[in-house]
Amino acid sequence: MEYRELKESELKKELFCQFNRYQEVNECMRKINGIWSAVKNPFTEQWKDEDYDVLIRCLKITIHTGGVVFGAFHHGELKGFASVEGVPIGKHKNYLDLSNIHVSFDVRGKRTGRRLFHMASEWARLKGAEKLYISAHSSVETQAFYRAMGCVEAKEYDEDHVTREPYDCQLEYVLERKVVLYIGISLDGYIADADGKVDWLVGQDDAYTGDYGYGAFEKQVDTVLMGYRTYDQVVSELSPEEWVYADKETYVITHKELEDKEGIHFTKEPLETLVGRLKKECKKGIWVCGGAELIRQLMEKNLIDEYHLTIMPVLLGKGIPLFQGGEKEQLLKLVSLQSENGVVDCIYRKRSL
């Protein structure tokens with residue numbers, strides 16, 4: 001499945017010719033005496049031509065007013081889409097509206113909706129929103145999806161949505177600044193070979209020119225955390241002529257007494273204090289890029305929110321392992337999985353016990 005932002009010029013009836021918005025509903029959620037319960041309400045939903053006409057007009061307005069539309073394509077055919085409005089809503093203007101998220105009937109159950117949801121929420125977070133607002137279909141299946149994504153009943157109901165769709169469930173999703181471990185590893189779990197080298201971080205075809213999603217990821221973060229050894233390797237071996245994180249604030253965790261440089265802060269601040277402060281100060285996410293000891297300490301303190309691993313098609317046999325043992329048990333959920341030139345890109349997030 002290919003995921004990308006859609007342009008207004010693409011929003012035509014032909015785009016949806018292989019999209020099947022079919023849903024058979026048996027039960028819907030209703031709030032009765034203050035308690036949400038599933039009640040019988042059988043019906044079948046199938047969009048008609050006029051529904052697509054309205055949809056296309058609405059999606060064009062979304063883009064015109066500063067919003068975004070994402071699409072999921074299988075063999076060039078649209079099989080899912082999501083839209084987020086660009087105009088903040090709510091008493092404090094802290095919500096952005098997830099106005100659409102739909103997956104074609106023939107590809108449901110393949111995590112397409114999850115990927116679109118996370119693309120939409122990440123876009124909203126980068127726009128400065130605190131929450132997503134979702135006026136969601138009340139079917140049991142739809143509500144189960146949103147609950148699995150971490151959505152809860154909205155603390156503030158939007159009157160326009162309630163008026164238009166009185167039987168929808170009004171939900172919200174909190175957009176937090178995340179601490180993300182984004183790192184390349186070998187298939188057998190090493191982040192560097194026995195000599196500390198990382199020149200094996202390539203796919204199976206040497207001529208391939210893709211970046212394995214790095215360009216998209218680095219736009220989502222504005223702060224970098226690294227240990228001193230990683231910093232030293234970057235400035236002495238990997239990129240001695242140019243500081244590769246010049247557009248971000250970098251914090252190097254070290255006990256050495258070193259003077260800060262422009263955009264580079266050397267600190268021995270306790271990790272809990274540092275991470276807590278940066279989550280409040282950062283506008284985007286926080287990238288943990290190494291090394292293994294810093295990762296171990298962050299894991300031990302349960303400070304990593306997301307594990308974004310790029311698994312290379314190589315078995316090193318020995319080297320510096322990513323996970324060194326002794327860490328606390330971490331329960332995770334898979335939210336994204338892609339492959340590109342033999343490289344597997346997977347994203348896991350923390351889940352509750």
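Here is a chat about a few spots in this predicted model.

Trainee: Where do we start? I see helices H2 and H3; at what angle do they pack?

Mentor: About 55°, and their axes are 11 Å apart. H2 covers residues 112-126 and H3 covers residues 140-149.

Trainee: What do you call an angle like that?

Mentor: That makes H2 oblique to H3. Angles of 65 to 115 degrees would count as roughly perpendicular, and those under 35 as roughly parallel.

Trainee: Is the crossing of H2 and H3 left-handed or right-handed?

Mentor: Right-handed.

Trainee: And which residues make the contact?

Mentor: On the H2 side, look for Gly113, Arg114, Phe117 and His118. H3 brings Phe145, Tyr146, Ala148 and Met149.

Trainee: How many of those are nonpolar, polar or charged?

Mentor: Five are nonpolar, two are polar and one is charged.

Trainee: I clicked on Ala144. Where is that?

Mentor: Ala144 sits in helix H3. Ala144 is partly exposed, because its relative accessibility is 44%.

Trainee: How far is Ala144 from Gln338?

Mentor: In sequence, 194 residues; in space, 24 Å from C-alpha to C-alpha.

Trainee: Is Cys28 buried or exposed?

Mentor: Buried, since its relative accessible area is 1%. Cys289 counts as buried too, at 12%.

Trainee: What's up with the peptide bond from Gly290 to Gly291?

Mentor: That bond is cis, and its omega is near 0°. Gly291 belongs to the loop between strand S15 (285-288) and helix H8 (292-300).

Trainee: What about phi in Lys93?

Mentor: Phi of Lys93 is positive, about 55°, although Lys93 is not a glycine. You'll find Lys93 in the loop between strands S5 (77-84) and S6 (95-103). Its relative accessibility is 57%, so Lys93 counts as exposed.

Trainee: And phi of Tyr212?

Mentor: Also positive, near 55°, and Tyr212 isn't glycine either. Tyr212 is in the loop between strand S11 (190-192) and H5.

Trainee: Is Tyr212 buried or exposed?

Mentor: Buried, because its relative accessible area is 14%.

Trainee: Last one: where is Glu218?

Mentor: In helix H5, which covers residues 214-218. Glu218 is buried, as its relative accessible area is 19%, and the cut-off for buried is under 20%.

Trainee: What does Glu218 touch?

Mentor: Leaving out residues up to four places away in sequence, Glu218 touches Asp247 and Lys248.

Conventions:
Residues are numbered from 1 along each chain as its sequence is written. This is a predicted model: local features need pLDDT of at least 70, side-chain atom pairs count only at pLDDT 80 or more; totals for chains, interfaces and linings use all residues. Side-chain values use heavy atoms; hydrogens and water are left out. Axes are lines fitted to C-alpha atoms, for helices over the stretch in contact, and angles run from 0 to 180 degrees between N-to-C directions. Helices (H or I, at least four residues) and strands (E, at least two) are DSSP runs, numbered from the N terminus. Angles under 35 degrees count as roughly parallel, over 145 as roughly antiparallel, 65 to 115 as roughly perpendicular and the rest as oblique. A crossing is left-handed if the near helix is turned anticlockwise from the far one by less than a right angle, and right-handed if clockwise. Contact means heavy atoms within 4.5 Å. Ala, Val, Leu, Ile, Met, Phe, Trp, Tyr, Cys and Pro count as nonpolar, Asp, Glu, Lys and Arg as charged, and the others, Gly among them, as polar. Buried means under 20% relative accessible area, exposed over 50%, partly exposed in between (1.4 Å probe, protein chains only).
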